[in-house]
Amino acid sequence: MTVHEIRKQFFDFFASKGHQIVPSAPMVVKNDPTLMFTNAGMNQFKDFFLGNAVPKNRRVANSQKCLRVSGKHNDLEEVGVDTYHHTMFEMLGNWSFGDYFKEDAIAWAWELLTEVYKIPKDRLYVTVFEGDEKDGVPRDQESYDIWKKYIAEDRIILASKKDNFWEMGDTGPCGPCTEIHVDNRPEAERAKSDGKQYVNEDHPQVIEIWNNVFMQFNRKADGSLESLPATHVDTGMGLERLAMTLQNKTSNYDIDLFQTLIRHMEKVSGKKYGTDETTDIALRVIADHVRAIAFSIADGQLPSNTGAGYVIRRILRRAVRYGYQTLGLKEPFLSGLSVVLSEVMGDPFTELIKQSELVEKVIREEELSFFRTLEQGIKRIEGLIDSAKVSGSKVLDGSAVFELYDTYGFPFDLTSLIARENNLSVDEDGFNAELTKQKDRSRAATAIETDDWVQLTDDSVEEFVGYDYLETAVEIVKYRKV
Ligand code: ATP
Ligand code: MG
Ligand code: MG
Ligand code: MG
């Protein structure tokens, strides 16, 4: 079954249960000062949960374009290194706004996975919220008892607040979650059960696929909880992870959609996927990042030096650097890949087709300019190497290497590599000292977004003050109370 067929079956299933299938909201959020990118399917329905708006239909489902590179959900560091976290991914979701609750949500999730998608029952585990006395939230016994009707009890795992209790922010709607995990380990490995359950342990082949959140409480300003007059269901299932399972793969990147992108990059780079881990990471990062970039531009967010545009520019540069550094590419390649992407995902995401030319052109311009920057950086390194050689030093100065990193976007390891090729080393301590200084400077006036929404009060206007320049910290969006 292709990714497109899997998505369609999800829609057909929930339509048959009375759900209206609604379009994905844009991935770039324009009208909410507390959120830059959609990071979950429920974002666009926030006002229904807060009681600020009344939905036309109390049951809806969709596939939402999500981006998790900032705030509470930041998976950037995982992307490419593991094989199941993306920057941009599709979250399949079904919602009940004050309509059905735990009984139906769990029954349908089970029916869909085991009867429609036919995932063997002995490959599934579920987690249920264990309760937290200190916080005054009870164990979700209801969900536990419902699950007992479908799945053996030793496959129901009690889990803590960290994974199984959802809150919108410091105040507002919240409630327990139940999450479905799938064991994708090879049969032989599953058979010799070691009695361990790998759920929530980041076992690369025992992964979470579907979160069902049951909003039943309201957190008040004093921290106490009250029951909501109307209860809601909010679910999210990673389409790429589901497809990995249904296509009998152990990596999201082996599903049909990503394979098309990776095959293209193999042709462009002359490298082969699956032979060397460093190359594989680069190919995965590029195949992942092109989606984040192309979808953002198609949604109207061009790369720029501020706000959401800067996040996109840095993701783009990250992809180019992997291509440059690991795959040895010296010419634009992402723009070409974006054309392949629009062929692969243009149905159903027609915005990719409609904006195809713009997307390609914008990416190409960005690539060209960044390649020029990289070349200037190379010249600068050559200058540093020459003067080190002239002065008889074996070490490149840490603050000069920091400048390369900060101004030319040269990652530390690329500079070290070039230095090594010239029998030189880099003053790592000096580099780190500069980096720390810079981080301290930027952290001084920083509050990091930690909830799904930052709650704004009337007397706190937030002003954007820039980003951390750490390569890995595209994500640290800084706001300063003024
Ligand atoms: P994980 O623990 O794997 O990081 P999560 O608990 O952060 O996932 P949720 O917020 O519960 O994820 O989102 C619902 C579903 O979306 C997850 O069960 C998973 O299938 C999918 N998902 C979450 N983050 C990603 C990601 N970065 N890339 C691909 N799919 C994801
Ligand atoms: Mg996560
Ligand atoms: Mg999780
Ligand atoms: Mg989860």
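Start by selecting residues 277–298, which form helix α9. This helix has 22 residues, and the distance from its first C-alpha to its last is 32 Å, close to the 32 Å expected at 1.5 Å a residue. Keep in mind as you look around that this is a predicted model.

With α9 still selected, show the residues around it. How many of the helix's 22 residues are buried? The count is 18, so α9 is mostly covered, taking buried to mean 20 or more other C-beta atoms within 10 Å of a residue's own. Now step just past the end of α9 to Gly 300, where the backbone takes a positive phi of about 100°.

Next, click on ligand 1. It is surrounded by 16 residues, and the closest are Asp 75, Phe 89, Asn 211, Gly 236 and Gly 238. Then colour the elements that each give two or more residues to this shell: β5 (88–97), β10 (206–219), β11 (225–238) and α7 (239–246). Which of them gives the largest share? That is β10, with four residues. If you colour the shell by class, you will find six nonpolar, five polar and five charged residues.

Finally, zoom out to the whole protein. Its secondary structure comes to 16 helices and 15 strands. The radius of gyration is 24 Å, close to the 23 Å that the globule rule gives for 482 residues, so the protein is as compact as a globular protein of that length. Along the principal axes, its C-alpha atoms fill a box of roughly 75 × 55 × 50 Å. Colour by burial, and 42% of the 482 residues count as buried. For contacts between residues at least 6 apart in sequence, 71% join residues at least 24 apart.

Conventions
Residues numbered from 1 in each chain as written. Chains lettered and ligands numbered in written order. Predicted model: local features only at pLDDT ≥ 70, side-chain atom pairs only at ≥ 80, totals over all residues. Expected span 1.5 Å × (residues − 1). Buried ≥ 20, exposed ≤ 12 C-beta atoms within 10 Å, placed from the backbone. Near = placed C-beta within 6 Å. Nonpolar A, V, L, I, M, F, W, Y, C, P; charged D, E, K, R; others polar. Rg over C-alpha atoms; globule rule 2.2 N^0.38 Å. Contact = placed C-beta atoms within 7 Å.
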